[in-house]
2 protein chains.
Amino acid sequence: MVSKKMKELVKNNSVIREMFEEGKRLAQKYGKENVYDFSLGNPSIPVPEKVNQTIIEILKNEDSLQVHGYMNNAGFEDVREKIAENINKKFNTNFSKENIIMCVGAASGINIILKSILDPADEVIAFAPYFMEYKNYINSYDGNLIEISPNTKDFQPKLDEFEKKITPKTKAIIINTPNNPTGVIYSEKTIKEICRILEKKQKEYSHEIFIISDEPYREIAYDNNVVPYITKYYNNTFVVYSYSKTLSIPGERIGYVVIPTQMEDSKNIITAVTIANRVIGCVNAPSLMQRLLLNCSNEKVDITTYDENRKLLYNELTKYGFECVKPQGAFYLFLKSPIEDDLEFCKKAKEYNILFVPGSSFSCKGYVRISYCVSNDMIKRALPSFKKLAENYMM
Amino acid sequence: MVSKKMKELVKNNSVIREMFEEGKRLAQKYGKENVYDFSLGNPSIPVPEKVNQTIIEILKNEDSLQVHGYMNNAGFEDVREKIAENINKKFNTNFSKENIIMCVGAASGINIILKSILDPADEVIAFAPYFMEYKNYINSYDGNLIEISPNTKDFQPKLDEFEKKITPKTKAIIINTPNNPTGVIYSEKTIKEICRILEKKQKEYSHEIFIISDEPYREIAYDNNVVPYITKYYNNTFVVYSYSKTLSIPGERIGYVVIPTQMEDSKNIITAVTIANRVIGCVNAPSLMQRLLLNCSNEKVDITTYDENRKLLYNELTKYGFECVKPQGAFYLFLKSPIEDDLEFCKKAKEYNILFVPGSSFSCKGYVRISYCVSNDMIKRALPSFKKLAENYMM
């Protein structure tokens, strides 16, 4: 009795569950401390102290009916105004509360945008490797994901293929930088080129093509790398932001969507996205977490630990003979599988109690994703096993 | 550039916004204290003290990364187990954590169920008057809402019409008791009769027809009225619960879905609903609010004030000559418009600074919904205006 659309997802779920069960089985057999799980994207850096302090103050000092109550589906006005101000200060933009819609995390933000703009058979372009859930989001609104094959040289998108695959049905593209799973930041040159191509195609087809910029990792950039703010380059840009990684609070489901006034038909689109927030059942972003942001929207976790993990893993794994583009942001490292079959490589890694996710899950075969949002200690304990794993392949 | 499905909603939204603006305009003109707004369903009874105390204790004593972190898309296991235990104690059922999926409020709960079971052109039956958002939810998954006309005698559903309107395409029915907007509780006799009809039709068409029981007002029942627990009468029942009204925390978006093991294909449906929670972008119910429920899932607001409001309004309005079925639960009173055109009646009420929602918005013309989740004081201040309003119609 499961709907046709969901049936396939239910079927695939058993594969993921098997991987998960396998992890649990290994932990039981060898002890949790002897299993090296690099498969999850759950932040490991402590929540900034100010976060819990602020929540406690809100609960003690403010009117509970308002703190926990309904507000406009777009979110509390003062919170949205504060967020707009912060973005303006950081990126020299010119937003006000009208441009900000609070949402239940970035996943929900992408959903309310897609629901607002997609008609059946519309196409949304994504650059491989990409977060596979995009496909499910797009299919929910009867759209089709069009994939641009990965550029495994440096994982900047392949722009020639991109230009060729834009059709009259292209309604949007999704970009995600710093990128999950590669850790690569799209350069300003890349962004400018993407925008130039889109401007040209908009004219050619006489309709808008939107950029949806999925930015949960914006604040996790290393070596003073700059992550360009896309609305400055292209008017028809939705920015989707989440505090999951910035404040280490992924379970709380709090983020926002930015819709610039300069976007074509922005007034109706802002209304549509606000209504979509209601109709998909979120109604509004969790209210206490919204109140928190009034005082904490500029806080962020100290990413030093992630950076140490990044350097340690990158240096050691390349020393053992593995190949990998050095990540510039996020907390993932995208390792080239020493054999063509990344699933086979994952299986082999499991023999050494190392768990990571095959690149096939991101539409990029021949690679694996290593999440380093884990303890530095676990990485150190895992290194000898990585070395042994390498010895299977390197001479 | 707004999608076709959303375009109509954007258009209708301006009508609602006009009503809202009108309320603000009246408040500015006559002073907020002289405008009697009975149009909103925002709880007014204080949040139980234990709620904020418990949140503060959690923040002080538990590991922040876990409190604010990801968990299984269905929710924390200990929370789900606790909720199952509480339901079992109250209703003599036999649920465990597998039967409970935490969700972002009831609206989201209904969405993840519909996404899991509806194929295009499937029919979902609702008894008028009903919460109009149901229609949007069902349309999101390309289903059609089939309406049963209202029984204005006592607002128990019309079961003869119901039986006739079940077709091979009927996939589910939605019931909502205590009911928004009538305040009526469906009797055990009604529930048993609904289930008998559905059992018969399931056999006739050789496929399941689900009941989706939307129960945000379950705990708001007066005069010791009993609200039957539907899974005890019918195996293919989804229960959708929300803490919005029970704890006066509607902005926090926290609730759960119950899927009984006895439901046909329950294992796959539980998986589908869990995945749907992820795919519509909720990912999981807000984590801190889930942790709260471990200690507060049996707390509830003191509904004495609502009950006082109910009696006061019912007694006075009927004294003035208005007609109304006495509400048994929720915090709404469904008043018969003294003239056929309920929109016209709403306009007339506005002349006396009284705001309420036309029954047309619940697919029941000739009535208006009065929300009495307001201060007792405001009702007392509004009564002379209600009396004057009545004098326009009663001789």
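Is the crossing of α5(B) and α9(B) left-handed or right-handed?

Modeller: This is a predicted model, in which local features need pLDDT of at least 70 and side-chain atom pairs count only at pLDDT 80 or more, while totals for chains, interfaces and linings use all residues. Residues are numbered from 1 along each chain as its sequence is written, and chains are lettered from A in the order in which they are written.

The crossing of α5(B) and α9(B) is right-handed, the near helix being turned clockwise from the far one by less than a right angle. Helix α5 of chain B covers residues 105-117 and helix α9 of chain B residues 266-279, and their axes (lines fitted to C-alpha atoms over the stretch in contact) come within 8 Å and cross at roughly 120°.

Where the two helices meet, I112(B), I113(B), K115(B) and S116(B) of α5(B) face I269(B), A272(B), V273(B), A276(B) and N277(B) of α9(B), with contact meaning C-beta atoms, placed from the backbone, within 7 Å. By class, the residues of this contact are six nonpolar, two polar and one charged. Apart from neighbours within four places in sequence, V273(B) is in contact with I101(B), I112(B), I113(B), S116(B), V257(B) and I259(B).

Looking beyond the pair, 60 residues of chain B are in contact with 60 residues of chain A, and the largest share of chain B's side, eight residues, comes from α5(B). That side of chain B has 31 nonpolar, 21 polar and eight charged residues, where Asp, Glu, Lys and Arg count as charged, Ala, Val, Leu, Ile, Met, Phe, Trp, Tyr, Cys and Pro as nonpolar, and the others as polar.

Terms used: Axes fitted to C-alpha atoms, helices over the stretch in contact; angles between N-to-C directions. Helix = DSSP H or I, 4+ residues; strand = E, 2+ residues; numbered from the N terminus.
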